Amino acid sequence: MQYMLLIYENEEIFGGPDKTGPIMADLGPRHFAFSHELGEKMRAGAGLKGTEAATTVRTTGGKQTIHDGPFAETREQLGGFYLVEAEDLDAAIAIARKVPLGKDGAIEVRPLLPMPPGLAAKR
Amino acid sequence: MRAGVLDETFRAAGGRIRAALAARYRDLDLAEEAFADSCLKAVKAWGDEGQDLPRDPAAWLYRVAERAALDRLRRRRIRADNRPNEPEPAPTAEDRLASDDAIIPDERLKLIFVCCHPAVGPDSRAALTLKLVCGLTTEEIARAFLVSETTLAQRLVRAKRKIAEAGISFEVPGPEHWAERLAAVLSTLEVAYAKAHEDAAGSSRHAGFAREMLEVTALLCEMLPREAEVLALAATIRFAEARRPARMDAEGVMVPLAEQDPALWSKPLIEEARRYCARALGLSGPGSRILQMMIHALWCGRKTLADPPPWKAVLAAYDILVELRDDPIVRINRAVALAEVKGVNDALAELDALDGTTLAEFLPFHAARADLLARLGRDREANTAYDRALALSPGEAERLFLLQKQRLLLGG
């Protein structure tokens, strides 16, 4: 099964939307080492620029509006993700436990919807 | 008469059959529905008085439930694909084996681990275990959990969906996840037993529920005979159940542990508890569940009301326990023992050192405080503490007890 590991941290620790603060000198290499350790199990992954760089396109009743900022203001923000292959939830949780964090944070573990059979064949 | 026999058969066989089906098809709903189908067929086939039950009713139910599961799967596929009915698949070697009268594969341990996965909310875990492993009805569980049947049914649906969608495996966890997964099973059973224990009389309609807790812990010990904490929980539940006949007086008022007449305690249950207790102690040093078991064992060692209560030893056990598990309930229980050994003032100081705001809604805190204040003659404060405790909807027996104490205070 594939699982998305969504990384939520208070983005203030990263030193601005480009996340180039001093903490990255430590956190960057840890992510690099972690993705290396994941090897084949890692299907995709990236860090995201801060929510200051976020734009939200909202559709309400068929009408679309553009907003500055993330879809919701929260204490911790989505800051990056890993897409991993894991046998079951326990295996995915075991990987989630090891995702590097700057300080406190949360990793949301979400299974991917399976690809509908027709679409999977076309790929 | 016959209905009672059938219910008993269904209840006894249900956990094992649901577990076998769930492990085979990796689908909790399917397992429940197929077993329900087979019970309906059983009522038709052998429901009338005078008809003979099959030699092995459980095996009969399992075979029929298996067929029902396959039927349901086929109907689902047809609904999904809108294809004509396919012929029934020829039984595989595994099917033939599983259809043998004597063999219902025992997958209950897997089912327990699935229902108690830490990714499922704690209350839902307990409810799901009681439903699927112990075979309680939604109505019975809802009553024990003090929620409406609709709420509980929704909770069960959500939990089952989570298990299906999140990829929780139907396997006994491997060594790297063992400790955490076992801890989740034990805490689930503790939550479930706490609900059964709240009913002091065991007389409300979920009276059978405590019995199911005895069964499920016995089962777990049989399957995990070398896990000290599993044995300790089994012992603890038996010690606690043994005291049930003494927990209420004739008027339905709660009797505190130290005032219970040991002559009323169930000796066979205490004996059983001691056997589990000895096995647990043979396997492990003091962990928090071992200590809780020991505290129960100390109390259940009392032979008559004339024996002095074991407060000193109980306090010593709480002193160690509080190092291992520092939570309010342990602190409060320790303070109660402290009052008997060192004095009421010391105990009250302990309680008042706890964070009163987080405990504002915690009944045992106010009940313990009220008692200590009353014993110090601080009647007005005691009265307020009793009011607080009573406002937190205690069970009927405890409510009567608190009211009685409060009335004494007011000189009534």
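1. Two strands count as paired if DSSP finds at least two bridges between them. In this predicted model, strand S1 (residues 2-9) of chain A and strand S6 (residues 106-111) of chain A pair in the antiparallel sense, and six bridges join them. Within that pairing, Leu6(A) has Glu108(A) of S6(A) as its bridge partner.

2. S1(A) is also joined to strand S5 (residues 77-85) of chain A, and here the two strands run antiparallel with eight bridges between them. One of the residues involved is Met4(A), whose bridge partner in S5(A) is Leu83(A).

3. As for the chain as a whole, the secondary structure of chain A consists of three helices and six strands, which follow one another along the sequence in the pattern β-α-β-β-β-β-α-β-α. The C-alpha trace of chain A spans about 45 × 40 × 25 Å along its principal axes, and of its 123 residues 27% are buried. Among the contacts in chain A with a separation of 6 or more, 76% are between residues 24 or more positions apart.

4. Turning to chain B, the axes of helix H13 (residues 288-300) and helix H14 (residues 311-324) come within 9 Å of each other and cross at roughly 170°. Angles over 145 degrees count as roughly antiparallel, and H13(B) and H14(B) are therefore roughly antiparallel to each other. On the side of H13(B) the contact is made by Ser288(B), Leu291(B), Gln292(B), Ile295(B), Leu298(B) and Trp299(B), while the residues that H14(B) contributes include Trp311(B), Val314(B), Tyr318(B) and Leu321(B). By type, the residues of this contact between H13(B) and H14(B) divide into 12 nonpolar and two polar, with no charged residue.

5. Helix H17 (residues 363-375) of chain B, with 13 residues, reaches 19 Å from its first C-alpha to its last, which is close to the 18 Å expected at 1.5 Å a residue. The buried residues of H17(B) include Leu363(B), Phe365(B), Leu372(B) and Leu373(B), and His366(B) and Arg369(B) are also among them. What covers these buried residues includes helix H15 (328-341), helix H16 (344-353), helix H18 (379-391) and helix H19 (396-409) of chain B. After H17(B) comes Gly377(B), which has a positive phi, near 75°.

Conventions. Residues numbered from 1 in each chain as written. Chains lettered and ligands numbered in written order. Predicted model: local features only at pLDDT ≥ 70, side-chain atom pairs only at ≥ 80, totals over all residues. Heavy atoms only, no water. Axes fitted to C-alpha atoms, helices over the stretch in contact; angles between N-to-C directions. Helix = DSSP H or I, 4+ residues; strand = E, 2+ residues; numbered from the N terminus. Parallel < 35°, antiparallel > 145°, perpendicular 65-115°, else oblique. Contact = heavy atoms within 4.5 Å. Nonpolar A, V, L, I, M, F, W, Y, C, P; charged D, E, K, R; others polar. Expected span 1.5 Å × (residues − 1). Buried < 20%, exposed > 50% of the residue type's maximum accessible area, 1.4 Å probe, protein only.
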